[in-house]
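Thank you all for coming. I would like to walk through one structure with you this morning, slowly enough that anyone new to it can follow.

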Amino acid sequence: MDDLSYSAQHSGWEDYPAAQWDERKPISWLDDWEFWHYCIEKYSSTDAPILELACGNGRITRQIVLSGYTVFAVDINPHFLNRAQANIPSHLTHCAHFFLQDVVYLSLNRQFSVAIMADWAFPSILTPADQLQFFRSLSKHLLHEGIFAFNTLFPTIQQIGLIPTDTGFMWPDGRRFDPMTQIETRLSGDIPLQFRHTTLSEIEWLCQMTGFAIRERYGNVDRRPLRGIMGDDLTLILQKVM
Ligand SMILES: C[S@@+](CC[C@H](N)C(=O)[O-])C[C@H]1O[C@@H](n2cnc3c(N)ncnc32)[C@H](O)[C@@H]1O
């Protein structure tokens with residue numbers, strides 16, 4: 001890959017082993033599928049392909065093709081993409097197109113009516129500059145009034161339980177949080193993963209700067225109202241309006 005963002009280089013995902021991720025998030029784990037299916041059914045026509053950003057091992061990719069759609073799926077991790085490809089039933093492989101790309105510099109040369117980014121993949125974009133670049137790249141890949149559905153952690157709620165120590169803030173389970181960068185670092189096995197805590201107002205600013213509006217907002221993929229209480233994340237459906 002020519003261009004690799006700061007986020008792609010530092011989030012910890014680029015070389016994460018596929019077998020390890022399969023154990024943590026097997027393709028049979030589909031608790032959130034109903035929400036992504038809702039977004040696709042509501043905002044796409046059956047013959048239009050779906051853009052899936054950060055597809056991982058393809059658990060949602062597989063559901064999209066099983067539901068009769070064509071999907072363009074992108075991830076930064078070649079091991080995950082191989083796994084995702086293998087998870088597509090052989091009679092449907094022509095419905096799934098996979099791309100090894102950094103979503104920050106997405107370049108597919110086509111536009112979609114629906115893009116999704118499932119399972120808190122958005123926090124892997126670590127800096128405001130990369131987030132802005134990501135929104136700009138995404139906008140180029142959406143038709144007018146196209147939608148982008150994603151979820152991300154709710155910072156204040158995620159930060160409950162943080163303990164100040166001499167070397168910074170951490171949770172009792174060993175995860176660390178740097179208030180200067182808004183980045184949480186946690187070990188997944190022995191691999192450090194980084195996640196940015198992005199507030200709703202920051203997302204609103206990104207929308208304003210790049211021509212998106214928030215169309216639907218929920219406190220989780222079960223579509224509970226967003227209230228900023230325990231258990232909430234930010235589950236959002238944005239629409240390209242400019
Ligand atoms: C928490 S996993 C979610 C995977 C998948 N969306 C799912 O629902 O199972 C985060 C995914 O984001 C991918 N990712 C992280 N940063 C990326 C980037 N800059 N470009 C493309 N994919 C990225 C990782 O490789 C990983 O597959």
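Before the details, one term: a residue is called buried if 20 or more other C-beta atoms lie within 10 Å of its own, exposed if 12 or fewer, and partly exposed in between, with C-beta atoms placed from the backbone. What you see is a predicted model, in which local features need pLDDT of at least 70 and side-chain atom pairs count only at pLDDT 80 or more, while totals for chains, interfaces and linings use all residues. Residues are numbered from 1 along each chain as its sequence is written.

With that term in hand, take Arg223, which is partly exposed because 14 other C-beta atoms lie within 10 Å. Most residues other than glycine have a negative phi. Arg223, however, has a positive phi near 65°, and this residue lies in the loop between strand S11 (212-218) and strand S12 (234-240). Helices (H or I, at least four residues) and strands (E, at least two) are DSSP runs, numbered from the N terminus. Glu145 also has a positive phi, near 70°, but Glu145 lies within a strand, S5 (residues 142-152). Why does Glu145 count as exposed? Glu145 does so because it has 12 C-beta neighbours inside 10 Å.

Let me turn to the sheet. Two strands pair if DSSP finds at least two bridges between them, and on that basis an open sheet of 5 strands has the order S6-S7-S8-S9-S10, with antiparallel pairing. At its edges are strand S6 (163-165) and S10, each of which pairs on one side only, and the twist from one strand to the next averages 30°, where axes are lines fitted to C-alpha atoms, for helices over the stretch in contact, and angles run from 0 to 180 degrees between N-to-C directions.

Within this sheet, strand S7 (residues 168-170) and strand S8 (residues 176-178) are joined by 2 bridges, and Phe169 stands opposite Phe177 in S8. Strand S9 (residues 183-188) and strand S10 (residues 191-196) are joined by 6 bridges, with Glu184 partnered by Phe195 in S10. The hairpin of S9 and S10 has 2 residues between the strands, and there Gly189 takes a positive phi near 65°.

Finally, the ligand: 24 residues surround it, the closest being Trp13, Ala54, Gly56, Ala118 and Asp119, where near means that the C-beta atom, placed from the backbone, lies within 6 Å. Helix H1 (6-10), helix H4 (59-66) and strand S2 (71-75) each supply at least two residues of this shell.
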